[in-house]
Amino acid sequence: MQRGFGGLRAPVRRARPWGVRRSAWEVGVEFAGTEVEALLAVCEHAPDLVAVSDFETDRVSYLNPAGVRLVGLRDGADARNRTTAEFFTDVGLVQAPEVESALVRHGRWEGLSELRHFETGKPIPVSLATFVLHRTGGGAPAVIAAIARDGRRWEDQERRLHHALELAAYRAREQHAVAELSRRAVDGQLTELLAAATTAAATLMGVQCTSVSRPPAPGDPLTVLAYSGQLPRPDTFAPGTGSQPGYALATGSVVVCPNGEDETRFSTGSMVRRGLRSGICVPIPIAARPAWGVLTAHSARPRDYTDREVSFLRTVADVLSATIGRIDAETRLRYQSLHDPLTGLPNRALAYQRIATALTTAHRTDARIAVLLIDLDEFKTVNDRLGHAGGDVALIGLAERLTGAVRPADTVARLGGDEFLVLCADMAGPDEALDLATRIIEAVATPDPAAGHPLTFSASIGIALSGPVSTPEELIRRADLAMYRAKKAGAGRYSVYRDDDGDDADRVLRLSRDLGTALDDHGDHGDHGELTLAYQPLFDLRDGAVVAVEALARWTHPTLGPISATEFIPVAERAGLIGALGLWVLRTACTQAADWQDIADVDIRVNISSLQLHDPRFVAQVADVLAATGLPATKLGLEISEAGWIAETAHPVDTLGALHELGVAIALDNIGTAHSTLTHLGCQRPVFSCCKIDKSYTASLPGRRSAAIVSAVVALAHAFHATVAAAGVENRAQLDALRACGCDLAQGFYLTPPMTADNCTTFLNQDPPPHTHPF
């Protein structure tokens, strides 16, 4: 707020006694007695305005008759108690900071300003001199102002004064406009900021219209995004030389057109049709890219645009550029938060949002939606074979095939890893979801000729259909349960959620929890709790001698009774317990086999999960167990199923190689149940010393086809110096067929069933060594 005439704001000290030196900013004058009366008479008859204002209250306490006439008041009483700010125009008040600073430093100020006429409101350019008056006795100081109109220099002074004051006012308005735009740029919407920018430019520059435009794509006409000014509003500007904005965007430079009639660089046809004669265009820059768009101002008359106006428009364009950069960054972050970075598909968060939206529509229209949860079978081993980069390429290709298999309106999302989701809205019926699942399975299984590898894939799919009160979380949970049941049924299948799937899920959860408890109860060793080992001998088909014993894990649940290994082993793998379970089996079996070495020269065979091969601690664990039990490494054989193994893996190959170097025998189990080949046994992977034919082939003997397959396996294995064992021998015909095919080893209930450790000890302790009747 202005303090007295001239704008004094600084505190003024009390007057000191005569003879005491004052600092420069306190310099003033003091009068007493008859001198005051004389001074008052001078002021009353002075031809120029003289005013006194109170420093503390900012109120005018005296205005002489010349001043009353100059500003159009009735009399001196009319002036009293008005604030000094009321006497100045807005332009005059611009001087206040400069005046205040001079009074603080020097105690006086002289210069040009602008009063206002109270009746007409017209500005009155004046010369102003102001100083601080200290009252006798230390009262509150006053501000004295003497204001004159110099007739001899009036026209020149008025011109200079108006120019200076208008320039100051323009700067103030410009700074205010830029500050307001900058405030909006922090968190405002782009459309609002563009409108504010065009309005500010039109108002400040006094032009007929302003606009912001940009092309939807390079080479397209520029679409007008914001516009202020006279109608009609244009929709587009021609690109390139077809218009001034198009030319500015093409050249990336400021383009000033003082008079359209003289313009030769670009067409001015659109300007003429709209009654415009001049214009200025400023590109809106974007870092490291072509200009985003163009800020344009057009006038109805020819005019030169000053450097200050160009600078102002550049500043506005920079504010818009900063806002566009912020919004682009926010858009990218929002996109990244809702999309998978590898495939570009919607992620889990966006999938949930779209399911929620689809359910809202379905509940309103009594429609149904379907959620399909897709899990790629054995993809971890594929990732090991191809490497992470190759696995990523495979996932990108699979994502493209999934997108191609669904309807355009369906959503394909990647939930993470090798798990995908498909949202099928507006279904005609449940059969449509089943048809979609079939197409997806076929699309996943179709080889990609551009992939550069021969691998094929399969997927297990769970399907959940919405009900009247379904939620996204419930649908995905149901699809997951159905997918788990499909996976148990075999690779490349789909299942629709059933009410009893919830019971299966509860059982899996219970088994996971109780299996962990059973492992904790066993501690580091032991075979007398819920978990035990059964032992089944492996016989040499030439002479019937027992050459090895396979350890088989058994679990007797305290309330559920015996749990099949085909059920609790997958539970252990899914619950992350397979490492602990496998280590317990290995330690218990090796301890027992070490005791048997005194009565029989037999090996011990232990089944391991492919997940254990991915554990970098596994080789050390095997070495520790052998050292702790005293069992020679050559007496231990580890069996891994063919379905859990694919050639040319990275870490598992190193693991098997290290075990082979340790002296442990490696066998490939369940030959014939997966899509791998027996070249794994050869020079590429010479770590396998045995392969075991799956019992499904044994059961088909002595059929011609099965016999041919077994004979081929035997011939190839023998070529690679590996033995062949057959599982599941149930009768004499199967035994004879295996011997005829050249099979080396066999086991099965026909030979001897799995038995306890004590019974197996008795069996091995027979003298002479056990030879069962089939031999």
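Student: What does it mean to say that tryptophan 555 and phenylalanine 568 are buried?

Tutor: Both residues, tryptophan 555 and phenylalanine 568, fall in the buried class, which means under 20% relative accessible area, with exposed over 50% and partly exposed in between (1.4 Å probe, protein chains only). This is a predicted model, in which local features need pLDDT of at least 70 and side-chain atom pairs count only at pLDDT 80 or more, while totals for chains, interfaces and linings use all residues. Residues are numbered from 1 along each chain as its sequence is written, and side-chain values use heavy atoms, with hydrogens and water left out.

Student: Why is leucine 531 called buried?

Tutor: Leucine 531 has 0% relative accessibility, so it counts as buried. This residue is in strand β17; strands (E, at least two residues) and helices (H or I, at least four) are DSSP runs, numbered from the N terminus.

Student: How many aromatic pairs does the structure hold?

Tutor: There are five. Among them, tyrosine 535 and tryptophan 596 form an edge-to-face pair, 5.1 Å centre to centre with 75° between the planes.

Student: What makes that an edge-to-face pair?

Tutor: Rings of Phe, Tyr and Trp (its six-membered ring) pair if their centres lie within 6.5 Å; planes under 30 degrees apart count as stacked, over 60 as edge-to-face and the rest as tilted. Tyrosine 535 lies in strand β17 (residues 531-540) and tryptophan 596 in helix α17 (residues 578-596), so the pair ties together parts 61 residues apart in sequence.

Student: How do tryptophan 555 and phenylalanine 568 pair, and at what distance and angle?

Tutor: Tryptophan 555 and phenylalanine 568 are edge-to-face too, at 5.9 Å centre to centre and 90° between the planes. Strand β18 (residues 546-557) holds tryptophan 555 and helix α16 (residues 565-574) holds phenylalanine 568, so this pair ties together parts 13 residues apart in sequence.

Student: How do you know that histidine 117 is buried?

Tutor: Its relative accessible area is 18%, so histidine 117 counts as buried. Histidine 117 lies in the loop between β3 and β4.

Student: What does the side chain of histidine 117 reach?

Tutor: It reaches the backbone nitrogen of threonine 120 at 3.4 Å. A polar contact is a pair of N or O atoms within 3.5 Å; within protein, one must be able to donate a hydrogen and the other to accept it, and residues adjacent in sequence count only if both atoms are side-chain atoms. The 3.4 Å value is therefore inside that limit.

Student: Why are β13 and β16 called edge strands?

Tutor: Five strands form an open sheet in the order β13-β14-β12-β15-β16, with mixed pairing. β13 (411-416) and β16 (494-496) each have a single partner strand, so one side of each is left without a neighbour in the sheet. Two strands pair if DSSP finds at least two bridges between them.

Student: In what sense do β15 and β16 pair, and over how many bridges?

Tutor: Strand β15 (residues 459-465) and β16 pair in the parallel sense over three bridges. Isoleucine 461 stands opposite tyrosine 494 in β16.
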